[in-house]
Amino acid sequence: MAWMWMVPAAGAVLLWAVSLGRILSSPAPYCLPPSPRFMPPLRGDTRSRNVLLVLAHPDDESMFFTPTILFLKSKGHNIHILCMSLGNADGLGNIRKEELYKACATLKIPAEQVEVLDHQKLQDGFQEKWDHGLLAELTMEQIQLWDIDTIVTFDSCGVSDHPNHRDVHHGIRKLLHENQQGNIEAWELVSLNMFRKYSGPVDIWLSSLISSSSKQPVCCVVNCSPSRTFEAMAAHRSQWVWFRRLFVRFSSYTYINMLQKI
């Protein structure tokens with residue numbers, strides 16, 4: 001009776017292989033659907049955008065947003081990173097800050113375009129409540145400093161349901177609400193259910209279907225070089241423990257980012 005479980009196991013392996021093959025078949029990161037719904041040229045011109053990726057902790061950029069970073073870099077956009085905390089929950093804040101700079105270097109983001117904050121009211125922790133108004137204020141400072149026109153951040157579930165991730169989302173929402181000029185475009189990384197989250201490259205089929213059929217501004221960004229995610233995450237040596245190695249291998253966020261416009 002062993003064949004009864006071997007058949008679905010073989011099917012799962014085949015599906016994984018076919019899905020990974022589709023992802024690796026492209027020479028450059030790409031977007032589904034291919035129509036320019038995700039960050040088209042501003043005001044009809046072709047100039048690059050100044051994109052601000054707003055994170056809660058060092059390693060968020062590598063663990064969750066690598067497909068987006070690589071896609072935007074391939075299109076010539078300028079990426080800036082604002083990390084709201086040192087990730088000092090275990091007392092490794094200064095180490096993690098340096099690791100973030102190293103990870104960004106592997107992703108070709110210059111250190112001068114990375115800002116890591118250490119605000120006493122924005123400390124890493126599941127029990128920490130971050131003030132949304134303060135988050136909006138600190139983000140606006142970087143928007144003005146770097147002439148930002150586009151923001152990418154977490155959605156209201158924060159991908160991993162971490163309260164700091166969720167607070168960052170609500171801080172950006174508050175900023176957008178208070179920005180009377182309406183000249184800032186914002187996109188959020190869609191949180192997935194448990195099955196899709198750990199389906200690795202297999203999620204490309206459902207993500208591309210949803211992106212293509214949605215009436216809302218939704219896109220699926222594909223990372224055709226998953227090894228870049230491993231390389232960036234490995235730069236966070238203090239966090240590169242066995243369960244995060246497994247996460248990066250099986251997480252669909254290594255291969256695909258589904259983003260929707262806020």
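Strand S6 (residues 185-189) and strand S8 (residues 256-261) run antiparallel and are joined by 3 bridges. Strands and helices are DSSP runs, numbered from the N terminus, with E for strands (at least two residues) and H or I for helices (at least four); two strands pair if DSSP finds at least two bridges between them. The structure is a predicted model, in which local features need pLDDT of at least 70 and side-chain atom pairs count only at pLDDT 80 or more, while totals for chains, interfaces and linings use all residues. Residues are numbered from 1 along each chain as its sequence is written, and side-chain values use heavy atoms, with hydrogens and water left out.

Aromatic contacts were examined next. Rings of Phe, Tyr and Trp (its six-membered ring) pair if their centres lie within 6.5 Å; planes under 30 degrees apart count as stacked, over 60 as edge-to-face and the rest as tilted. The structure holds 6 aromatic pairs. One of them, Phe64 with Phe154, is edge-to-face, with 6.1 Å centre to centre and 75° between the planes. This pair links distant parts of the chain, 90 residues apart: Phe64 lies in the loop between helix H2 (60-63) and helix H3 (66-74), and Phe154 in strand S5 (residues 150-154). Phe64 counts as buried because its relative accessibility is 4%, the ranges being under 20% relative accessible area for buried, over 50% for exposed and in between for partly exposed (1.4 Å probe, protein chains only). Phe154 is likewise buried, at 0% relative accessible area.

Phe64 also forms an edge-to-face pair with Tyr253, at 6.1 Å centre to centre and 90° between the planes. Tyr253 is in the loop between helix H11 (242-250) and S8, 189 residues apart from Phe64 in the loop between H2 and H3. With a relative accessible area of 1%, Tyr253 is buried. One aromatic cluster is formed by Phe64, Phe65, Phe154, Tyr198, Phe247 and Tyr253.

In helix H9 (residues 204-213), the buried residues are Ile204, Ser207, Ser208 and Ser211. Viewed down the axis of H9, these residues fall within an arc of 95° and therefore line one face of the helix; the arc is that of the directions from the helix axis to the C-beta atoms. Leu209 and Ser213, on the other side of H9, are exposed.
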